[in-house]
Amino acid sequence: DDQRLDLIKDNIDLALTAGALPDSEYKAQRIGGLCDVLCASSGFCADLGLSGATAIDPARVVDLPYVAHHWEGADVVHHLKSRASDTTEAVRFRRVATANSVNAVCSLIAQGAGVGLLPHFFVKPHLDNGEMTALLPRYRPQETNLYAIHPYGEIPPLSVRAMIEAMKTALKGTV
């Protein structure tokens, strides 16, 4: 699942985490960011007459069933920013299912359980092959920071430093 782990107890040298960091003694370094895509399976969209082109208005998607990540809380609200202007719109969703991993959320969405937000890099292959459809291409959720965290002091082992740099390089241009 996507739960945060205890790096020392679980003997982990380096972890990747998204979002706000809880207070801890671990060292964290921002390595990039990610943006989510509101998407649904193409079959789900076809059944409802939706497409990226016709579902531009967030008011049209709020009544659709929403597949939530466990960390989204009981009241699912996302702040979508217009790509054309600086306006932001709060959109409330009707949760019908909750899963504890990105893989599970993706699977439920792909099976037609509803719509959901998935990281762009994760859902891109599904969008490219037509399995899923992006519903609000003129809006984007706020960017989420990605961090590399490790249990070492100011100077982690060379292998950890090299991996952090490799992740930074791989994430350039993904937002």
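Reader: Where is the place of Ala134?

Author: Ala134 sits in strand S9 (residues 132-134). A strand here is a DSSP run of E with at least two residues, a helix is a run of H or I with at least four, and both are numbered from the N terminus. Keep in mind that this is a predicted model, where local features need pLDDT of at least 70, side-chain atom pairs count only at pLDDT 80 or more, and totals for chains, interfaces and linings use all residues. Residues are numbered from 1 along each chain as its sequence is written, and side-chain values use heavy atoms, with hydrogens and water left out.

Reader: Why is Ala134 called partly exposed?

Author: Buried means under 20% relative accessible area, exposed means over 50%, and partly exposed is in between (1.4 Å probe, protein chains only). Ala134 has 24%, so partly exposed it is.

Reader: How do you know that the buried residues of H2 line one face of the helix?

Author: In helix H2 (residues 102-110), the buried ones are Val102, Val105, Cys106 and Ile109. Seen down the axis of H2, they fall within an arc of 100°, so they line one face. The arc is taken over the directions from the helix axis to the C-beta atoms.

Reader: What covers the buried residues of H2?

Author: Among the elements in contact (heavy atoms within 4.5 Å) are strand S3 (36-41), strand S4 (65-69), strand S7 (94-99), strand S8 (116-119), helix H3 (120-128) and S9. After H2 comes Gly112, with a positive phi near 90°.

Reader: What makes Cys106 count as buried?

Author: Its relative accessible area is 5%, so it falls on the buried side of the cut-off. Cys35 counts as buried too, at 9%.

Reader: How many disulfides does a search of the whole structure find?

Author: It finds 0. A disulfide is a pair of cysteine sulfur atoms within 2.5 Å. For Cys35, the closest cysteine sulfur is in Cys39, 14 Å away, which is too far for a bond. Cys106 is in no disulfide either, as the nearest cysteine sulfur, that of Cys39, is 6.9 Å away.

Reader: How do you know what span is expected for H4?

Author: The expected span is 1.5 Å times one less than the number of residues. Helix H4 (residues 158-171) has 14 residues and reaches 20 Å from its first C-alpha to its last, close to the 20 Å expected.

Reader: Why do you say that the buried residues of H4 line one face?

Author: Val160, Ile164, Met167 and Leu171 are the buried residues of H4. They fall within an arc of 65° seen down the axis, so they line one face of the helix. Leu158, Ser159, Thr169 and Ala170 are exposed on the other side of H4. The cover over the buried residues of H4 includes strand S1 (15-18), strand S2 (27-34) and strand S11 (144-150).

Reader: What makes S1 and S11 a pair?

Author: Two strands pair if DSSP finds at least two bridges between them. S1 and S11 have 4 bridges, in the antiparallel sense, so they pass. Leu16 stands opposite Ala148 in S11. Leu16 and Ala18 make up the uncovered face of S1, while Ala15 and Thr17 make up the covered one.

Reader: Why are S6 and S10 called edge strands?

Author: The open sheet of 3 strands runs S6-S5-S10, with antiparallel pairing. Strand S6 (88-92) and strand S10 (139-141) each pair on one side only. Strand S5 (residues 77-82) meets S10 over 3 bridges, with Ser82 opposite Tyr139.
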